[in-house]
Amino acid sequence: LASQHRFEAIYGEEAETVLRYLRYRVGPDEAEDMVAETFAVAWQKLDQVPDPPRAWLLAVARRVSANHLRSRRRRRAHEVGALDETLTTGILDSESVDRRRDLVTALKKLSSLDREAILLVTWYDLTHAEAAASMECSTTAFAVRLHRARRRLGAVLGEDGGVTDHHINRNTMREATR
Amino acid sequence: MNDDLFDEIRGLQGPTTSWATSTAGQHTMLRAIDRAQNAASSSAENPSASRWDSSRRRVLVLSLCGVFSLTAGVAVAAGGPTEVVRGAISAFTHRPDAEGHGGVLDDPVLVAEFRTPRGIYAFWTATSSTGAICSATSDGTWDGEGAPTAAELDGAGCGGEVISHADPSKHAPLTRLDQLGGFFRDAAGPLIYGVAPYTEAVSVHVQGKGVDRTLPVRADSHGFGAAIPEAVNTDVVRLTFLDDAGVELGSERWVAPVG
């Protein structure tokens, strides 16, 4: 019963984040089914689910959706669709709408992996170490990817962004030692 | 990462929606558990599987301890739900190893019919001229259209023992209709069904942690029931029976069996 309670607690805390991630990856039609698939794995491997569980769950969701989406083109279509959905979120003034559109357009121009690196630390609030675990790479490799993705995003937006190599390196060291 | 651009990207997302505790979210959770159980069912050593199997069984087995019988393969007369249920109960009571009701069976009545993640859950009762109490269940196999076939009734039986609503560790001989049913948390999700102990009851208010809803009581069988996915975090609910003027007739504490 304690295991069941833990599973339910994890589900209550993280299911919506996993759903959002899967909506981004596979689209709204199949996201809930993939959530069920992800949490089925969590139920089976409950003893291995760490605390906090988010990065572990997103890694499972990533694998589940990767198995499901063999076509890169199809996956990109879902990702772009999820980004477009953000343009209709909330009530914004025209300046904010323009800025939001610019951001979405810039994110769309990134590669899938660069975009995912940025979204894992922003939309899903993962640390570098957690995001690295989710993308199944080292923390250092993730930090480098994120830095490059951030720089490309700034370039697409025509902004420097003020993020220096020194800043990223310091950040990388901090995350790597967690 | 402390970065204004990243903060802007964070702001692209809409507010959270409590999806996990919504009906859709709860159904998805139950689908996950069901899938895990199905995937692991071939492994008898898998603790998740055994934990879930025992939960799944309790809806049927503990409702009518020792007398509930699968009806698959039993031939019964065609007709409406009443005839099919009657046929299933009769077929059961004619088995050489069954106690039976030993008299004339009244027409079965529907106590509850509601949808769970597994499909339609339906429960019928029938009393006998000898005072025996019989029942039949369909758990996710009947689509709710027309009459169920015999194969779509998961169990039928008469008499036996039932668990106490207030203390599932206690069993008692089945002598009253309102002893049937219960509050269960199993593969079909939290669900509740039963027979009101008051003939004047028209509704029952169900309250518990995360649960606050009123269910109608059927006029014919005095039965009630519903899937209550919001009860996923509680093992105890309080039922308050009300008459048509909203006056409280009485209340009971129902505890979900464990294991």
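Okay, let's start with one residue: Phe39(A) is buried, with a relative accessible area of 0%. Keep in mind that this is a predicted model, and that anything under 20% counts as buried here. So who sits beside that ring? Phe39(A) pairs with Phe7(A), edge-to-face, at 6.2 Å centre to centre and with 85 degrees between the planes. Phe7(A) is buried too, at 1%. The two come from distant parts of the chain: Phe7(A) is in helix α1 of chain A and Phe39(A) in helix α2 of chain A, 32 residues apart.

Which residues make up the aromatic cluster around them? Phe7(A), Tyr11(A), Phe39(A), Trp43(A) and Trp19(B) form one cluster, and you can see a residue of chain B in that list. Over all chains, the count comes to 15 aromatic pairs.

Here's another pair, Tyr24(A) and Trp123(A). Their ring centres are 6.2 Å apart and their planes sit at 75 degrees, so this pair is edge-to-face. Tyr24(A) belongs to helix α1 of chain A, while Trp123(A) is in the loop between α6 and α7 of chain A, 99 residues apart. Tyr24(A) counts as buried at 1% relative accessibility, and Trp123(A) counts as buried at 10%.

Now, helices. Look at α6(A), residues 112–122: 10 of its 11 residues are buried. Among them are Asp114(A), Arg115(A) and Glu116(A), along with Ile118(A), Leu119(A) and Leu120(A).

Then there's α8(A), residues 139–157. How far apart should its ends be? With 19 residues at 1.5 Å a residue, the helix should span 27 Å, and its end C-alpha atoms are 27 Å apart, which agrees. The buried residues in α8(A) include Phe142(A), Leu146(A), Arg150(A), Leu153(A) and Leu157(A). Seen down the axis of α8(A), the buried residues fall within an arc of 165 degrees, so they line one face of the helix. If you wonder about that spacing, an α-helix has 3.6 residues a turn, so residues three or four places apart point the same way. Just after α8(A), Gly158(A) takes a positive phi of about 75 degrees.

Over to chain B, and some strands. In β8(B), residues 189–195, seven of the seven residues are buried. Which strands does β8(B) pair with? With β7(B), the pairing is antiparallel over six bridges, and Gly182(B) has Tyr193(B) as its bridge partner. With β11(B), the pairing is again antiparallel, over five bridges, and there Gly194(B) has Phe224(B) as its partner.

Last topic: charges. The structure holds 14 salt bridges over all chains. In one of them, Arg185(B) meets Asp235(B), with the closest N and O atoms 2.4 Å apart. Those two are 50 residues apart, with Arg185(B) in strand β7 of chain B and Asp235(B) in the loop between β11 and β12 of chain B. Buried or exposed, what is Arg185(B)? At 5% relative accessibility, Arg185(B) counts as buried, whereas Asp235(B), at 25%, counts as partly exposed.

Arg176(B) and Asp178(B) meet at 3.0 Å, N to O; Arg176(B) is partly exposed at 44%, and Asp178(B) is buried at 16%. Asp220(B) and Arg218(B) meet at 3.3 Å, N to O, and here Asp220(B) is partly exposed at 48%, as is Arg218(B) at 32%. And back to Arg185(B): salt bridges that share partners join Glu8(A), Arg185(B) and Asp235(B) into one network.

Conventions: Residues numbered from 1 in each chain as written. Chains lettered and ligands numbered in written order. Predicted model: local features only at pLDDT ≥ 70, side-chain atom pairs only at ≥ 80, totals over all residues. Heavy atoms only, no water. Helix = DSSP H or I, 4+ residues; strand = E, 2+ residues; numbered from the N terminus. Expected span 1.5 Å × (residues − 1). Buried < 20%, exposed > 50% of the residue type's maximum accessible area, 1.4 Å probe, protein only. Arc of directions from axis to C-beta. Pairing = 2+ DSSP bridges. Salt bridge = Lys/Arg side-chain N within 4 Å of Asp/Glu carboxyl O. Phe/Tyr/Trp six-rings, centres within 6.5 Å; stacked < 30°, edge-to-face > 60°.
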